[in-house]
Amino acid sequence: MRAWENRPDCVVVDEPLYAHYLAETGIDHPGRAEVIAAGQTDWRVVAQQLCAPQPESVNVFYQKHMAHHLLPEVGRLWLTQLTNMLLIRDPREVVASYVKSRESVTVDDIGLRQQVELYDDLSVAGRTPLVIDAADFLRDPEGHLRGLCDLVDLDFDDAMLHWPAGPRDGDGVWAPYWYEAVWKSTGFASYRSREITLTGAAREVAQGCLPAYEGLRSVRWTI
């Protein structure tokens, strides 16, 4: 999201279905009341906004979604109007990061199961999404971003590789609870292998997500 919003011709929206997700599930997330108050809880209105025409000055409308925000009642047809990409990450790393902000975690919180559903649904509709593994991306951010720009017929902009530290106008109101590392960043960190130790429910969730991760990783984009 930081890379794309640093382009002068790009508009970014941050997790527009988050308010609907919290309102419908009743799940307790940090800043829950703020998110619901600031957002739109009707997914149909959100989908309509996300597919609306943009001003001529906007070449890119970048939408950052979390797959688990696409609850079963949320239609999928509107997604076929977009160019979709699934960013996957080793579930052990995802769970380790998640439990820093929230004590409990379930398989559905991680989103990999939903990403598999999205991949299958969009593929059936003839709109197979690109799958990128975060580890691959961090080994060569510029190569991946140049490749993505080529795929959508855009000129690459060096501004996508570096940005100022701190909050941005496009950040959701939940940013203070989840974006500590993002706010400190000024570019992409180099890839490094991590030793992760999970126990109890967190370990079980990560293990439960591995088949979905490995399945998507087998069809990932390589450059």
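Reply: A residue counts as buried under 20% relative accessible area, as exposed over 50%, and as partly exposed in between. The model discussed here is predicted.

Me: Is cysteine 51 buried, exposed or partly exposed?
Reply: The relative accessibility of cysteine 51 is 24%. Buried residues lie under 20% and exposed ones over 50%. Cysteine 51 therefore counts as partly exposed.

Me: Is cysteine 10 buried or exposed?
Reply: Cysteine 10 has a relative accessible area of 11%. Because the cut-off for burial is 20%, cysteine 10 is classed as buried.

Me: How many disulfides does the count give?
Reply: A disulfide requires two cysteine sulfur atoms within 2.5 Å. The sulfur of cysteine 51 is 16 Å from the closest cysteine sulfur, that of cysteine 10, which is too far for a bond. The count of disulfides comes to zero. Cysteine 10 is likewise in no disulfide, the nearest cysteine sulfur, that of cysteine 149, being at 9.8 Å.

Me: Which buried residue of helix α9 is a cysteine?
Reply: Helix α9 covers residues 141–151, and its buried residues include Pro141, His144, Leu145, Gly147 and Leu148. The cover over the buried residues of α9 includes α1 (2–5), β3 (85–88), β4 (130–133) and α8 (134–139). The cysteine among the buried residues of α9 is Cys149.

Me: Which residue just after α9 takes a positive phi?
Reply: The phi in question is about 60°. It belongs to aspartate 153.

Me: At roughly what angle do the axes of helix α7 and helix α12 cross?
Reply: Helix α7 spans residues 112–124 and helix α12 residues 200–217, and their axes come within 8 Å. The crossing is left-handed. The angle between the axes is roughly 35°.

Me: How many residues of the contact of α7 with α12 are nonpolar?
Reply: From α7 the contact takes Leu112, Arg113, Gln115, Val116 and Tyr119, and from α12 Cys209, Ala212, Tyr213 and Leu216. One of the contact residues is polar and one is charged. The nonpolar residues number seven.

Me: What radius of gyration does the chain have?
Reply: The chain contains 12 helices and four strands, and its C-alpha trace spans about 50 × 40 × 40 Å along the principal axes. Buried residues make up 44% of the 223 residues. A compact globule with 223 residues would have a radius of gyration near 17 Å, so the chain agrees with that expectation at 17 Å.

How values were computed. Residues are numbered from 1 along each chain as its sequence is written. This is a predicted model: local features need pLDDT of at least 70, side-chain atom pairs count only at pLDDT 80 or more; totals for chains, interfaces and linings use all residues. Side-chain values use heavy atoms; hydrogens and water are left out. Axes are lines fitted to C-alpha atoms, for helices over the stretch in contact, and angles run from 0 to 180 degrees between N-to-C directions. Helices (H or I, at least four residues) and strands (E, at least two) are DSSP runs, numbered from the N terminus. A crossing is left-handed if the near helix is turned anticlockwise from the far one by less than a right angle, and right-handed if clockwise. Contact means heavy atoms within 4.5 Å. Ala, Val, Leu, Ile, Met, Phe, Trp, Tyr, Cys and Pro count as nonpolar, Asp, Glu, Lys and Arg as charged, and the others, Gly among them, as polar. Buried means under 20% relative accessible area, exposed over 50%, partly exposed in between (1.4 Å probe, protein chains only). The radius of gyration is taken over C-alpha atoms; the globule rule is 2.2 Å times the number of residues to the power 0.38.
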